Structure formats: structure tokens, C-alpha cells
Amino acid sequence: MGLSIHQIGKRYGNVVACADVSLDVQDGEFISLLGPSGCGKTTILRAIAGFVTLDAGRIFVNDLDITHLPPNKRNVGLVFQNYALWPHLTVFENLAFGLKIRGTRPPAIREIILGTLTLLGLRDLETRYPRELSGGQQQRVALARCLVLKPAILLLDEPLSNLDRKLRNQMRIELKKLQRRVGVTTLYVTHDQEEALSMSDRIVVLDHGHVVQVGSPEHIYESPQNPFVADFIGNVNMLDGQAVQRDGKSYFRVGDLEIEIPPGNVAAKSRLFFRPERVAILRGRSPEGFNLIPGQVLFRVYLGAAFRYEIDAGGIVITADSTNTGSPIQVGEKVFLEIKPEDCFLL
Amino acid sequence: MNQTDASPQRIRKFPGRSPYVLLLLPAIAFLALFYLIPLSWIIRVSFYTHVPGAYMVPAFTAQNYLRLVTDPWYIRNSLWLTLKVALISTLASVVLAYPPALLITRSTGKLRRFLLVSVLAPLLISMVCLIFGWIVMFRGHGLMNQVLLGLHLVREPVQWMYNTFGVTLALIYISIPYVVISLLDSLQRVDPSWEEAARNVGANGWQTFLKITLPLSIPGAVSGSMIALTLNICAFAVPLLLGGEKVPMAGLVAYYQALEVNNLPFGAAISVMLLLASLLVIFVFQKVLHALYLKRMEVS
């Protein structure tokens, strides 16, 4: 077991930073802690690194209890959000610092550092100072500083949040590839759902210091277990109403609308969810399809590769996304919405 | 965008061309009147001759300087003593200022305000009052010795004053608040995450301080020690009240020559030598530190 967190809790005065959080991370796994700011994800990360003293619970790394070890005895690598490179040391010296403390001999230090720099494409930068590097380079040096020590766990605290969008998307893929190659168990803190979805083996969704759901990206996105997860990850249409059974089928009634939903015991639930990209917009007078709902386009947002429409369906506003195929629907146009029962879920 | 592009140029043009220079005039006039003119006059007077009975006689002679250089007492017992005491007290005050400065940097709220006020309070009190307080504490049968005798830590009263040790101690005491102030500024620029990063890669608290916090706060230590060094080289009240004739620091000797012996030209020469010596020390100090740290940190 790479990392095992057992019922940890931390309060700051009256504020609960995290409560009863438990998590098992397998060797080599990439796990994201995802949640809005203030959800306790950074507290958990800092507790693993040893910078937060816990009120309750235990933390194990490779079955060793590290709960009360000082930060320098944990062999847990932390990449800081602001990178925290030492400004008075060159890239090489930044990387050598931890190795020197461990008593690694200078020739070995040089070999390890040059290997890591080459791996990260930083080979030419060893004599530079942090202020002479771009944001992306600084980020990679911060990563390299952890990797040279071969940590048992790699902790990343929103490492991409200070980069511009293009670079961020690029670094996501690079970081994921690197993690696969190095095989290091990784805990990644982010508030960016796209980041979590695209990089993680599993995602831990946190809210107000509690774990709300743990699962693979697909699982989290397709089958959220509660309204918070459904709303926080991706966009979603959320309609309040009532589930009814008729002729062995289940329907959801919202105002005058009745939408067919997957069969099952849903009587206690009063909220219907479906993703905008699963709503098909059909043109024409009487197209064929499931759950056809007539509506009129209220608003259109151009997203480049796609359009987002807000459609008035008998007083209820439904958001629908469709790819940009070159013939967008005009505002005011009358359309039909198709929502397949299997794309609906109730919470 | 255009504005931000233009501003560095405007700043570069600033000296000389801008009407803002006029705003500097009062300061320049003040400095000229009360600093440059008296200083030039002192330098001029140091070449005058002293005729016993007469006050001083205008001349252009090097005899005052010759006397200073040829009489070993002035070089060894006064000038060298001054530099030694000033350097030791400056170094000690920097070392001793680090713990309170670190403590203040890491504390917050009321505790921080309390600590700040306690460290800086001595600056609000006249130095003469401080020294009188010091005398009450440290005189032969003062509080300090009574405590030490009462605890049987010493057999007879310790001679805290009227020697070089006592003067050095008092100078350290007076310098510490100045050094703390300049250290605070530097230490606050040391991002806590730099220290955490050091702990994260395996450094213990002491290694983190020595390799990260200390080098990154060197600019503050430098400016603090510059202030302390200048204050201590020119120390006057402390050696006067706590040292007496046994600690003839140069400022005191210049005063004695000028106002007690009435040999103003010789007093002026001592002052000029003191000025040159302290400039030299500060110059060397800066050069050494620049070579060691500042170049690396690109501190302008």
C-alpha cells in the first residue's frame, strides 16, 4: 500500500479543515483531491507532508506510521503551488540540496541530477537561477527537486495553476506521462475538474472537509452520487420535480413536462440531472426521437469548437451543447430537444 | 500598455531634467549648511597649529597627523581599540538580533505587537537615560551583582563597568534594536514555503536556517550591521559614561583634545582619522559581503 490515510481530522478554531477523511492509495496510483477552495484538500496534502499537526487520525506510507514524524523524516516529496525554488541557488544547487543532506557523494549527486534534468528536458538550465526561468521551467525544476530524492509519495499542490492555459494543458499530459514512466505514487490537489478528469486514476471529491465521492474519472462524471458532485464536475441541467410510475415505466414530472427516465425505485428523489452535451437539438416540424421536448432558443454562446444554447421548454430553461458543424441554430428558432432516458439520473 | 512602457524611460530621465529635482533642494541645502560645511571646516582645522594659551592658529601643517601616526598610544590604544570594540559589538549584535527578529517574523497579532514594542522600546528612550539605567543595574553593588552574589554564582562583585568589556556590552545592547529592524524587513521577504521546501527535502530546522533563511536574509543583516557599525565606531556617550579614561575610544579622545585640552586642531585630526578608518572598514565589509552573497542574489 503506497499511502494510507486513516480517519484524519483537523480544525482551525471553529473551522473544520477536514474531518474523518480516509483514503487508500495503491503503489503507482495517480489520485486527485478535487474540490472548491476551502474544501480541505491542501490541509490533507500538508498533513501528509508534515506541515499540519492533525487533531485525529493516522497516516501510513508503505505501512510505516508517519503521523508524528517531522517533515524532514518522511521521504514525501511536495511540489508547492508557487514552486518555492530557492532564489539564491542555481537549478543544480536546488536539486542537490536534499541529496547533500542525505550524504550522497558528489559524483553520484551529479549523475542523479543530470539524469533527472534530461528526463524533464531541463538539461541546459542547470546553471540558471530560478528568476531566469519561465513559469513552466520553474514548475519542472520544482518537480525535479522532488524526484531526485525518489520520494515514496509525490504530493502536488495545484502545480499548474500559475501557468497560462495553453501551457497548462500541455503540462497536464507531460506530467501524467512522466508519472507513468517514473511510477511514483502521486497525490494531486486541484480545483480544476478538467485537470482531475484528464490525469487521474481515481478522483477524491471533497466538500467542506469531507470526502463526498471516490472513483474513476468516468465514474465520478457519469454517476455522481449526490447533487454537489453532479454540479461541481462538469455542467449539468438540474430540474426540480417529481418521479412517477406509469405502465411499468418511470417518468419525471417538471411542471407540464414529463420526461422518461430509467426504470427503478426513484420515488424518494426529487431532482433530475442530465448533461448539456447529452441533449440533442433536433430541427424540423416533427422529428423522431425519445423524450422530445419542444422549445425555443433563448440565447447562444459561441465556444469555438461548440455552441452552448439556452432553450426555453415551456417555462423551463434547459442548457444544451452541440458541436460546431457550421450551421448554428438561430436565437428564436423553434426546435425539439431529445433527452435519452439513460442519460438522466436522479439524486 | 503605452503608459507602462513609457514609465521606465521617464524614471531613467528623472535626474537633472525634471522639475522634481527642485524638491531635493531643501534637503541639499540643509545637508550643505549643517553637514558639508562643518565637515569641511573640521578637515581644514585639522591642519591648523595649536599654540598653548592661544586657541588655534591658522596654518597648513601636517603636524597633527604626524603626532597621531607617530605616537603609538593613539593608534593602538585609541583607534585600534575603537575599531575592535565596534566590530565585536556589531557582530555580536547581529548574532543576538536574529532570534528576536525570527520570533517576531513568525508571530502574529497581539504577541507580534508586544514583541515588536519590547524590542524597539529602547529606541524611544534617550541613550543617556538608558546608560544611567544600565549603571543602576550593573554598578559595583547594583542589582545584577546582588543577584549573582545572592545565588552564590560569584564570590565577589563582577566588574561590569569602567572597562572595555562593559562598554562592548552596552554597545551591543544599544545596537540590537537597529539590527532587528533591518532584519525584520529581510526575514519577511523569506517566503515560508522556501523553508518548508527545505524541510521537505530532508533538512532539519538548523540546516534550514543556515542554508536557506540565513543567506536569504543577508541583505537585512548587512544594512543592520552597517548602521550598528557606524553607531559603534562613533560611540561617544557609552564610553564617556561607562568607560571613562580606561576605554579611550576615538570619539572620546577627540572630544577630550578639543574641549578639555583646548587643542582643537589635534581633535579635528583625530576625527578625520576616525572618519577615514570607518569609511575603510565599511568599504572592506561591503566588498567582502558582496563577493560572498550579494552578487549571487543580485541585490542592487
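A: Let's start with chain B: of its 300 residues, 31% are buried, where buried means 20 or more other C-beta atoms within 10 Å of a residue's own, exposed means 12 or fewer, partly exposed is in between, and the C-beta atoms are placed from the backbone. Keep in mind that this is a predicted model, where local features need pLDDT of at least 70 and side-chain atom pairs count only at pLDDT 80 or more, while totals for chains, interfaces and linings use all residues. Residues are numbered from 1 along each chain as its sequence is written, with chains lettered from A and ligands numbered from 1 in the order in which they are written.

Chain B has 14 helices and zero strands; both kinds of element are DSSP runs numbered from the N terminus, helices being H or I with at least four residues and strands E with at least two. Its C-alpha atoms fill a box of roughly 70 × 70 × 35 Å along the principal axes. Two residues count as in contact if their C-beta atoms, placed from the backbone, lie within 7 Å. Of the chain B contacts with a separation of 6 or more, 68% are between residues 24 or more positions apart.

Now the close-up: helix H9 of chain B (residues 192-200) and its partner H10(B) (residues 205-216). Two packed helices are described by the angle between their axes and the distance between the axes. Here the angle is about 160 degrees and the axes are 10 Å apart. The axes are lines fitted to C-alpha atoms, for helices over the stretch in contact, and angles run from 0 to 180 degrees between N-to-C directions. H9(B) and H10(B) are therefore roughly antiparallel to each other; the cut-offs are under 35 degrees for roughly parallel, over 145 for roughly antiparallel, 65 to 115 for roughly perpendicular, and oblique for the rest. The crossing of H9(B) and H10(B) is right-handed, that is, the near helix is turned clockwise from the far one by less than a right angle, with anticlockwise being left-handed.

On the H9(B) side, the contact uses Trp194(B), Glu195(B), Ala198(B) and Arg199(B), while H10(B) brings Thr208(B), Lys211(B), Ile212(B), Thr213(B) and Leu216(B). Sorted by class, this contact has four nonpolar, two polar and three charged residues. Nonpolar covers Ala, Val, Leu, Ile, Met, Phe, Trp, Tyr, Cys and Pro, charged covers Asp, Glu, Lys and Arg, and the others, Gly among them, are polar.

What is buried in H9(B)? The buried residues are Trp194(B), Glu195(B), Ala197(B), Ala198(B), Arg199(B) and Asn200(B). They pack against H10(B), and also against helix H1 (41-49) and S6 of chain A.

Chain A puts 17 residues into its contact with chain B, and chain B puts in 17 residues. On the chain A side, strand S6 (76-79) and helix H2 (91-102) are the elements giving two or more residues. H2(A) gives the most to that side, with four residues. By class, the chain A side has ten nonpolar, five polar and two charged residues.

One chain A residue in contact with Val79(A) is worth a stop: Leu143(A), which also contacts Leu120(A), leaving aside neighbours within four places in sequence. Leu143(A) is in helix H4 of chain A (residues 135-147) and is buried, with 25 other C-beta atoms within 10 Å. Its C-alpha atom is 8.3 Å from that of Tyr83(A), 60 residues apart along the chain.

Back in chain B, here's a contrast. His152(B) lies in the loop between helix H7 (143-150) and helix H8 (164-188) of chain B. His152(B) has a positive phi of about 60 degrees although it is not a glycine, and with 7 C-beta neighbours inside 10 Å it counts as exposed.
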